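I opened a new structure today and kept a notebook as I looked things up. Here are my entries, in the order I made them.

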Amino acid sequence: MKELAGRLTALDPDAGAAVQVIAYFDRLAESRAGVEALVRGAAVLSGVPARLVDSDRLVRVRVEADGTRRDTDLPPDPAWPSAALTPGGSPALWLERADARPSVVDAVILERAAGVARLVLNRTRGRAPLHDPALVETLFDASAAVPARLHAARRLGLDPAASFRALAVPDGPPRVLAAVATDAVAVGRAGVGPAVPVTDLPRSWAAARTALRFTAEGTAQDPGPRVVEADELGGVALLAGLVVPGAEPPPDVRAVEAAAAEAPWLLATLHAVAVTASLRAAAAEANVHHSTLQDRLAHAEHLLGWPVRTPQGRLRLHLALTMRRLTRS
């Protein structure tokens, strides 16, 4: 193979390099190298970072051109050269090359690396049957023994040495996400738990369910974030223990509901004020002129019975809107 590559290089440098790439990945396959070694090979050979993302198996690996692994939660750029793990499948392996069109060598790197990665993943991970309700229930059950949870994790194709997050959605079963895969959550409302070892997923699941209570539909009548990560709540999470779903709402929540019944624009406007840094930013968020926002807020303050343009009033407003979401049964 070396002799063939040398002869081809003399005639066509790209062809010679392509043969060397094929031989390189063949050697990795023969030595039963792991996924990270394959991604590292793709990065070093191409001279740009490479990443592999297999959502079904909860695998995410990114390696810099110098061979250093450095994962990221930023999504891949669709313009990057890429390859699927299966024919006709979605892109799963990328070369982070944005400064030039992919070369022949890039195409060979992607094709060979993806092919060998598919074999490795099928051999070591299989297809993660995350739909198995009994195994998932065991994985999230805090009363289950640790060996039972580890057994469930292995049956589900999860690496016991890796970290994962729990995902909670309304009226749906729990899901498992790779630690850096929070960009892969559902389109609707979702609560995301903290990244934890696989044996600690019950704690992540409890936090994810709490985070779900802080979400909203993201509409004019239910403004707010559709996806909330438990890590970002901080001390605000304590409110979840004080506001009981379905119980009589606190007075400030009742005031917000009564005001919203008088003015259909009110909830979206108040949300804009609560989540932005200034009234001008709130006007832009609400897509109204600054003077219009001032008029609306004057009317809102009359309906609510407290100011919303002072620091104290704005905090009170933020708490009222948050508790409104928490009262949802």
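The entries below go from the whole chain to a sheet, then to helices and single residues.

**Entry 1: ground rules.** I am working with a predicted model, where local features need pLDDT of at least 70 and side-chain atom pairs count only at pLDDT 80 or more, while totals for chains, interfaces and linings use all residues. Residues are numbered from 1 along each chain as its sequence is written, and side-chain values use heavy atoms, with hydrogens and water left out.

**Entry 2: the whole protein.** I found twelve helices and nine strands. These are DSSP runs numbered from the N terminus: helices are H or I with at least four residues, strands are E with at least two. Of the 329 residues, 43% count as buried. Buried means under 20% relative accessible area, exposed means over 50%, and partly exposed is in between, with a 1.4 Å probe and protein chains only. I also looked at contacts (heavy atoms within 4.5 Å). Among those between residues at least 6 apart in sequence, 56% join residues at least 24 apart.

**Entry 3: a four-stranded sheet.** In what order do the strands of the open sheet run? I read β2-β1-β4-β3, with antiparallel pairing. Two strands pair if DSSP finds at least two bridges between them. The edge strands are β2 and β3 (82-84), each pairing on one side only. On average, neighbouring strands of this sheet are turned by 10° against each other, direction ignored. Helix α3 (residues 35-46) packs on the sheet and touches β1, β2 and β4 (91-95). The direction of α3 makes about 35° with that of β2. Axes here are lines fitted to C-alpha atoms, for helices over the stretch in contact, and angles run from 0 to 180 degrees between N-to-C directions.

**Entry 4: the pairings one by one.** I started with β1 (residues 50-54), which pairs with β2 in the antiparallel sense over five bridges. A50 stands opposite V63 in β2. L52 has V61 as its bridge partner in β2 and L93 as its bridge partner in β4. Three bridges join β1 to β4, again antiparallel. Three bridges also join β3 to β4, and there A84 stands opposite P91 in β4. β3 and β4 form a hairpin with six residues between them, and G88 in the turn has a positive phi of about 80°.

**Entry 5: two helices crossing.** Next I checked α5 (residues 133-140) against α6 (residues 146-155), which pack at an angle of about 135° with their axes 8 Å apart. That makes α5 oblique to α6. Under 35 degrees counts as roughly parallel, over 145 as roughly antiparallel, 65 to 115 as roughly perpendicular, and the rest as oblique. At the meeting point, L135, T138 and L139 in α5 touch A148, R149, A152, A153 and R155 in α6.

**Entry 6: an enclosed helix.** Eight of the ten residues of α9 (residues 266-275) are buried, so this helix is largely enclosed by the rest of the structure. Among the buried ones are L266, L270 and V273. Their cover includes α8 (251-262), α10 (279-286), α11 (290-304) and α12 (311-326).

Entry 7: Not counting residues up to four places away in sequence, T322 touches F214, V236 and L239.

I22 lies in α2 (residues 13-30) and, at 29% relative accessibility, counts as partly exposed. Leaving aside neighbours within four places in sequence, I22 is in contact with V108 and R112. I22 and V105 are 83 residues apart in sequence and 10.0 Å apart in space, C-alpha to C-alpha.

D222 is buried, with a relative accessible area of 11%. The side chains of D222 and R328 are joined by a polar contact of 3.1 Å. A polar contact is a pair of N or O atoms within 3.5 Å; within protein, one must be able to donate a hydrogen and the other to accept it, and residues adjacent in sequence count only if both atoms are side-chain atoms.
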